[in-house]
Amino acid sequence: MSAKESPARPPVKLAVLISGEGTNLQAIIDATSRGELRADIRLVVSNKAGAGGLERARRHGIPAQALDHRQFVTREDFDRALVATLNSHEVELVACAGFMRILSPVMVRAFPNRIMNIHPALCPAFPGVNAQKAACEYGVRFSGCTVFFVGEGVDDGPIIVQAVVPVYPDDDEARLAARIHVQEHRIYPYAIRLYQEGRLEVRGRKVFISDFPTVHNSSAAINPPLP
Ligand code: GRF
């Protein structure tokens, strides 16, 4: 990604939702620090108080708070509290980054086409948890990761960016997950940048990107490589 910016548009008012380590959160913070992404990260929310990503956020001076889903009777109650928290911080775009909660329509309809998620597979393949393990077990030659707009289904919303990685015969879940993670850290800030630049438009189940960048190289990726 080049360091080209779009000064005409203000930084996107962003919240990041996490449940764990938050390495994708870190990639978003780093892209912002490098000037590759104009984001005002107003808040990080975790549904788990012990999530490493909360500390990561605080180290960077970003407000971080836990909202324990176990304190709420229903999924909708939790989502109502989440919506109220995000609205109180004037959040425009929500990026789920390892947030291990299925969002109810309460949350999805409060931020229509303004919630992104990243899934460690090439959607629509291998939705849900343990996608890397499922890819290894299935025997696919390629997998990857997908940034998409969250809809009311699981990992099936309109796709913004995907990255492809090869899967090798001696891969296990951890090796494949590590290879995919590297690409997650590249495409998540990129997808948010496309939003900040006002270049994403959702029509039906497709995302249209204005000034779609093309490479003049139509060669296919083949794994194993042709001799
Ligand atoms: C990533 O693999 C992401 O694709 C999935 O959860 C993981 C989060 O990793 N949704 P991290 O907490 O950002 O390191």
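Pro124 is found in the loop between strand S5 (115-119) and helix H5 (131-138), where helices (H or I, at least four residues) and strands (E, at least two) are DSSP runs numbered from the N terminus. The model is a predicted one, in which local features need pLDDT of at least 70 and side-chain atom pairs count only at pLDDT 80 or more, while totals for chains, interfaces and linings use all residues. Residues are numbered from 1 along each chain as its sequence is written, and side-chain values use heavy atoms, with hydrogens and water left out.

**Backbone features**

- A cis peptide bond also joins Asn223 to Pro224, with omega near 0°, and Pro224 lies in the segment after strand S9 (206-209).
- Glu90, in the loop between helix H3 (75-88) and strand S4 (93-96), has a positive phi near 50° although it is a residue other than glycine.
- Asn113, which is not a glycine either, has a positive phi of about 55° and is placed in the loop between helix H4 (105-110) and S5.
- With a relative accessible area of 36%, Asn113 is partly exposed; buried means under 20% relative accessible area, exposed over 50%, and partly exposed in between (1.4 Å probe, protein chains only).

**Nonpolar cores**

- A nonpolar core is a set of buried Ala, Val, Leu, Ile, Met, Phe, Trp, Tyr and Cys residues joined through side-chain atoms within 4.5 Å, and in the largest one, of 46 residues, Val16, Val44, Met116 and Ile192 touch the most other members.
- Helix H6 (residues 173-196) gives the most to this core, contributing eight residues.
- Another core, of 21 residues, lies apart from the largest one and has Leu43, Ala81, Leu86 and Cys96 among its members.
- In soluble globular proteins, nonpolar side chains tend to be buried together.

**Helix H6**

- The 24 residues of H6 should span 34 Å at 1.5 Å a residue, and the end C-alpha atoms are 34 Å apart, which agrees; the expected span is 1.5 Å times one less than the number of residues in the helix.
- H6 bends by about 25° at Glu184, the bend being the angle between axes fitted to the seven residues ending there and the seven starting there.
- His185 is also found in H6 and counts as partly exposed because its relative accessibility is 28%.
- Just after H6, Gly198 takes a positive phi of about 70°.

**Ligand surroundings**

- Among the polar contacts (pairs of N or O atoms within 3.5 Å), an oxygen atom of the ligand is 2.9 Å from a polar backbone atom of Gly22, and a nitrogen atom of the ligand is 3.0 Å from a polar backbone atom of Ile118.
- Glu184, the residue at which H6 bends, has an N or O atom of its side chain 3.0 Å from an oxygen atom of the ligand.
- Taken alone, the ligand exposes 370 Å², of which the protein buries 84%, with accessible areas taken from the Shrake-Rupley method with a 1.4 Å probe.

**The segment before S1**

- Ala8 is placed in the segment before strand S1 (12-18) and counts as exposed because its relative accessibility is 77%.

Key
Polar contact = N/O pair within 3.5 Å; in protein donor to acceptor, adjacent residues only side chain to side chain.
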